[in-house]
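Here is a short report on the structure below.

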Amino acid sequence: MSLMQKRIQFVDLQAQYQTIRADVDVAVAGVLQRGDYILGEDVKKFEEEFAAYCKASHCVSVGNGTEALHLALMACGIGPGDEVITTTHTFIATALAIHQAGAKPVLVDCEPNQYTIDVSKIEAAITPRTKAILPVHLYGQPADMDPILEIARRHKLQVIEDACQAHGAEYKGRRCGTLGDIAAFSFYPGKNLGACGDAGAIVTNRKDLADQVWLLRNYGQKVKNEHLCKAFNTRLDTLQAAVLRVKLRHLESWNEARRRAAAQYDELLASAQVVRPKLAPNATHVYHLYVVRTPNRAKLQAALEAGNVSTGIHYPIPVHLQPAFADLGFSRGSFPVAEAVASEILSLPIFPEITREDLERVATICRQAS
Ligand SMILES: *Cc1c(COP(=O)(O)O)cnc(C)c1O
């Protein structure tokens, strides 16, 4: 008989489904009965409800978070010849969306505490072609938006938030998604608010931008068969919207549960040789990820694996060192902070249903291995 303890998953989506099973099943059955699969009733209602949750005027849903970024950029009028400033320490989709819009991602380093874009490096990256700044609210913690908005105002740039990891996070009491001109959210299954497949949305207080994304996601048509612009087909499935409406009702308590789990990790890891997440002043973190930092990452990750604990690395290769963006011409040493961070970070399991017992098991291994 094996003495191996049960595996602690990185994110346990089955556990979450069990807590809301009856409501999800009814919601899905409702769509199947109505048959309004494309841009149905639940899509419209989810958009209203998610806008209200973000305290924003408009939400337009799309097929996934990458498309939300892509269409947000296009709605802002960004295209070939333009430059968009973003951080090299992010998920690849941030940079891919800029490329998809036809523009060039101009990368800057991250800062060493919250790992979000280093605001002090932004101005030096501005050129006459710069059209926008695209900060990422990484791991569930807002980027330092006030100085970013101030630079943007001074240089007449638009600000597009990558809020794909920051559903419900706040900066100085304001929800992520309402801080810049427009924001992109992902509802990929593992996100704080996740669908049962791909899903995404934009949120904005600017009606002009919402209207433009609304056209771009659905063949550029306002009325059937009249196409006002060269557009895309990237809509949120009604089935996914129905699931998201059920889950949205739990998002606040789920985020609260993530914060409780993070606080327990903070306490349990106080004597471990790892750098714990640092909270920025004036920020409400929603702990999409709980990321620790250690020069002995490989050893720590192996010890956790040996203890049957799943971990992740978000992200091991910064954008500027990805083969896909070799054409930007960077090399090792170009962004030293991001490179050091990428080689030392480790994401520990965190999700609303994680138990105290599991957190203790993870932390014990971290204390022993580090
Ligand atoms: C998840 C994510 C995306 C992309 O969202 P998808 O729905 O997977 O396309 C973009 N940016 C960040 C920071 C993300 O975490």
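## Strand pair

Histidine 58 stands opposite threonine 204 in β9. Strand β1 (residues 58–62) and strand β9 (residues 200–204) run antiparallel, joined by 5 bridges. Strands pair if DSSP finds at least two bridges between them. Of the 5 residues in β1, 4 are buried (under 20% relative accessible area, 1.4 Å probe, protein chains only). Strands are DSSP runs of E, at least two residues, and helices are runs of H or I, at least four, numbered from the N terminus.

This is a predicted model: local features need pLDDT of at least 70, side-chain atom pairs pLDDT 80 or more, while totals for chains, interfaces and linings use all residues. Numbering starts from 1 along each chain as its sequence is written, and side-chain values use heavy atoms, without hydrogens and water.

## Glutamine 141

Glutamine 141 lies in the loop between β4 (130–134) and α5 (145–155). Glutamine 141 is buried, with a relative accessible area of 3%. A polar atom of its side chain lies 3.1 Å from the backbone oxygen of lysine 278. The backbone nitrogen of alanine 280 lies 3.0 Å from a polar atom of that side chain.

## Ligand site

The ligand is surrounded by 14 residues (a heavy atom within 4 Å). The closest are Gly65, Thr66, Asp162, Ser186 and Lys191. α3 (65–75) and α4 (92–100) each supply at least two residues of the shell.

An oxygen atom of the ligand is 2.7 Å from a polar backbone atom of glycine 65. A polar side-chain atom of serine 186 lies 2.6 Å from a ligand oxygen atom.

Terms used
Buried means under 20% relative accessible area, exposed over 50%, partly exposed in between (1.4 Å probe, protein chains only). A polar contact is a pair of N or O atoms within 3.5 Å; within protein, one must be able to donate a hydrogen and the other to accept it, and residues adjacent in sequence count only if both atoms are side-chain atoms.
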